Amino acid sequence: MGRTYEIALLPGDGTGPEVIGEGVKVLKVAAEKYGLKLNFNHYDFGGERYKKTGETLPDSAIEEFKKQDAIYLGAIGHPDVKPGILELGILLKLRFALDQYINLRPVKLYEGVGCPLKDKGPEHIDFIVVRENTGGIYTGQGGVAKKGTPNEIASQLMVYSRFEVERCVRYAYQLTRKRNKKNMLTLVHKTNVLTNCGDLWVRVHKEIGDKEFPDIMQDYAHVDATTMWFIKNPEYFDVIVTENMFGDIITDLGAMIQGGMGIAAGGNINPEGVSMFEPIGGSAPKYTGKNVINPLAAICAGAMMLENIGEEKAARAVENAVQDALKSGKIKSLSAGKMGLGTKEVGDLVASLVK
Ligand code: IPM
Ligand code: MN
């Protein structure tokens, strides 16, 4: 037997378990073909467990995750649980505790996928967003005073250390070089208003670029203009690096131009530690248990996971199988309930195409 990997499986809430089930199905086929062994270790953290036990994610679980090779996550979010509890208690806790400081979100339109943008095809939409993943507004600094009075004050601060900005920007430059497409790294921020944080990002982007990556073109765009260009000329972009909240927002738009949440995958990466891979759409409670949700995003997240653990060939095989499934014309739409096939059937189709 070849290489063996321990994968923590967190199917989570809503349709999470269904899509992760299909991802595991496809990954097992790829593992078999490429002579690796994936041991999936199941954890039931999520809304249901929280409702029963009041527990979101204990510290002991974090310690167990640190010993895994990767984490494969379905979705977190439950209609009966107040917003924030599971997101902060599970998803953000994991990102922070495991120091997954990069959120990698490819925006790629595969052949055979309908694009909502007029006159745009796969040759126009192929870029990647490097979202800083543990800092900024998500750090949670700030507070509330005089709550419930007309003078109530609330703040949530955008906080960045140079260290955080540097490691994120350096990762993005390295990725741009490795990708070797346009060799252009676009910093996205809002320097015309956020003169403190924006300036820090601009200087770091320039200093690291000048010193360590003279072969990579330096580019800058304001975040509001970026949303416009995603629609108008997405072909402009190669790699984008941006702070946490801007990255959160623009990648939802990115997901739409690549065909929707049904296909959008992401990785929460700690380049020196344990990373976590997930479809970026939510738990979609209304589709739960109906075999109608699209598993392709979860399958693509699985391919990203294979790449991350060093199984490049198996990763490409899964990605190519997704591409072939889409080209086959058997999947009518990427939207839940409109695929013309069930969740399981899409999983079967992709699994059958892994070469
Ligand atoms: C995402 C999600 C999360 C985020 C939420 C659920 C905390 O929107 O992964 O993009 O804001 O990062
Ligand atoms: Mn988001």
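Mentor: Let us take H5 and H6, where H5 passes H6 in a right-handed crossing (the near helix is turned clockwise from the far one by less than a right angle). This is a predicted model, in which local features need pLDDT of at least 70 and side-chain atom pairs count only at pLDDT 80 or more, while totals for chains, interfaces and linings use all residues. Residues are numbered from 1 along each chain as its sequence is written, chains are lettered from A and ligands numbered from 1 in the order in which they are written, and side-chain values use heavy atoms, with hydrogens and water left out.

Helix H5 covers residues 162-179 and helix H6 residues 197-212 (helices are DSSP runs of H or I with at least four residues, numbered from the N terminus). Their axes, which are lines fitted to C-alpha atoms over the stretch in contact, come within 9 Å and cross at roughly 45°, with angles running from 0 to 180 degrees between N-to-C directions. That angle makes H5 oblique to H6, a word for whatever is left once angles under 35 degrees (roughly parallel), over 145 (roughly antiparallel) and 65 to 115 (roughly perpendicular) are set aside.

On the H5 side, the contact (heavy atoms within 4.5 Å) includes Arg162, Val165, Cys168, Val169 and Tyr173, and on the H6 side its members include Leu200, Trp201, Val204, Ile208 and Glu212.

For comparison, H1 and H9 also meet in a right-handed crossing, and there the axes are 8 Å apart at an angle of about 45°, so H1 and H9 are oblique to each other.

Note on methods: Helix = DSSP H or I, 4+ residues; strand = E, 2+ residues; numbered from the N terminus.
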